[in-house]
Amino acid sequence: MKATAIAHPDIAFIKYWGKADPKLRIPQNNSLSMILSEPYSLCTVEFSNRYKKDEIVFLNEKEVKKEELKRISRVLDRVRKLAGSTLKAKVMTKNSFPKGVGLASSGSGLSSVTLASVKALGIQMNQKDLSRLARLASGTATRCVCDGFVEWIKGEDDKTSYARQIFTPNYWEIRDVIAIVSADMKKIKSTKGHSLAKTSPFYEIRLREVEKRLKDIKMAIKERNFSKFGHIIEEECFSMHAICLTSRPSILYWNALTVEIMRKIRLWRANKEMEAFFTIDAGPTVHIICEGKNSRKLVNKLKGIKGIQRLSVNKPALGVRAIKKHLF
Ligand code: DP6
């Protein structure tokens, strides 16, 4: 009745921004991401009649928001319903990285809670259904179920909205060098950002354009065409952040260092010093993408920028999976 899962966050190259159905988390557009190798979330779940109520413990966290506890309780309720069980659970979860800085902590956290709960109650489930179930907890968790390069098909209802792998982790040797520029929690959660997206006068335009970018990026990955791929991800990053900036109220996720890094990346490219491209999710953290052969050089160059708190080099990695070592 006990199971443990590990999951990694992902970085979105085509962003999920805005929901067609907030309750079911049906997105407005398909999105595409890569699972990251370094950061991870672990979660152990045990169902037992020894527990009189659900106990949820976050290891190494200074602050746990009510909303986070609620999201986990709802996962437990959904899984209990599927298994026809009334047993209460103990959940212990741990992240290897700070939350709320633009790394998809809810993606890895809630996909690991989902798989650990499903396994702990002995439910057999295929990857598609696991992705659908994870989607109800967090949008990014939908994708974090799969390996490598992942597409979330928006679908139109609970049955048809799920993620699938489009390329294996070792299909393409690219790296995401994550530059953490602030350990402060973001002020506006992505869930709120999603709900504001439609208030931007440019949102309809974004939804029209994103379809083409998705088609083009899939082709660029297929061809392993790094330049083409890189220009698409920067364009897409600015498309999402243009919506944030022009939402009412407006959201600005970047800080001064975020902008400095973006400028440096463009300068290095213009000077033919380094071909790298950036993308940013809902926070100040910058994800700098390069080819595997250039990652060491890129890290050294980034070390020259003052104020970066941590650099982490990531390969395309595996999605959520069960492991034997429990947290309790
Ligand atoms: C900017 O998955 O955090 O990272 O579904 O409300 O939990 P909820 O939102 P969340 O949204 C992440 C948005 C993003 C872009 C992306 O990962 O595609």
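Colleague: Which charged end sits over the ring of Tyr162?
Modeller: That of Lys128, 4.6 Å from the ring's centre. A charge sits over a ring if NZ of Lys or CZ of Arg is within 6 Å of the ring centre and within 35 degrees of the ring normal. Before we go on: this is a predicted model, where local features need pLDDT of at least 70 and side-chain atom pairs count only at pLDDT 80 or more, while totals for chains, interfaces and linings use all residues. Residues are numbered from 1 along each chain as its sequence is written, and side-chain values use heavy atoms, leaving out hydrogens and water.

Colleague: OK! And what sits over the ring of Phe328?
Modeller: There you'll find the charged end of Lys90, 4.7 Å from the centre of the ring.

Colleague: Now ring with ring. How many aromatic pairs does the structure hold?
Modeller: It holds 10. Rings of Phe, Tyr and Trp (its six-membered ring) pair if their centres lie within 6.5 Å; planes under 30 degrees apart are stacked, over 60 edge-to-face, and the rest tilted.

Colleague: Why is the pair of Trp17 and Tyr253 edge-to-face?
Modeller: Because the two planes stand at 80°, with the ring centres 6.4 Å apart.

Colleague: Where do Trp17 and Tyr253 lie?
Modeller: Trp17 is in the loop between β2 (10-14) and β3 (19-21), and Tyr253 is in the loop between α7 (226-246) and α8 (256-270), so the pair ties together parts 236 residues apart in sequence. Those labels are DSSP runs numbered from the N terminus: helices are H or I with at least four residues, strands are E with at least two.

Colleague: Is Trp17 buried or exposed?
Modeller: Buried, with a relative accessible area of 2%. Tyr253 counts as buried as well, at 7%. Buried means under 20% relative accessible area, exposed over 50%, and partly exposed in between (1.4 Å probe, protein chains only).

Colleague: What kind of aromatic pair do Trp172 and Phe226 form?
Modeller: An edge-to-face one, 6.2 Å centre to centre with 70° between the planes. Trp172 belongs to the loop between β10 (162-167) and β11 (174-180) and Phe226 to helix α7, so this pair links parts 54 residues apart in sequence. Both Trp172 and Phe226 are buried. They also belong to one aromatic cluster, together with Phe13, Phe229 and Phe277.

Colleague: Switching topic: how many residues surround the ligand?
Modeller: There are 18, and the closest are Tyr16, Lys19, Arg143, Ser190 and Thr191. A residue is near a molecule if one of its heavy atoms lies within 4 Å of it. Helices α4 (139-144) and α5 (190-196) each give at least two residues to this shell.

Colleague: How many of the shell residues are nonpolar, polar and charged?
Modeller: Five are nonpolar, seven polar and six charged. Here Ala, Val, Leu, Ile, Met, Phe, Trp, Tyr, Cys and Pro count as nonpolar, Asp, Glu, Lys and Arg as charged, and the others, Gly among them, as polar.

Colleague: What is 2.7 Å from an N or O atom in the side chain of Lys19?
Modeller: An oxygen atom of the ligand. The side chain of Ser190 has an N or O atom 2.7 Å from a ligand oxygen, and the side chain of Thr191 has one at 2.7 Å too. For reference, a polar contact is a pair of N or O atoms within 3.5 Å.

Colleague: How much of the ligand's 460 Å² does the protein bury?
Modeller: It buries 96% of the area that the ligand exposes when taken alone. Such areas come from the Shrake-Rupley method with a 1.4 Å probe.

Colleague: What is phi of Arg25 near?
Modeller: It is near 50°, a positive value in a residue other than glycine. Arg25 is in the loop between β3 and β4 (26-27) and counts as buried at 10% relative accessibility. Arg224 has a positive phi as well, about 50°. Arg224 sits in the loop between α6 (203-223) and α7, and at 42% relative accessibility it counts as partly exposed.

Methods: Polar contact = N/O pair within 3.5 Å; in protein donor to acceptor, adjacent residues only side chain to side chain.
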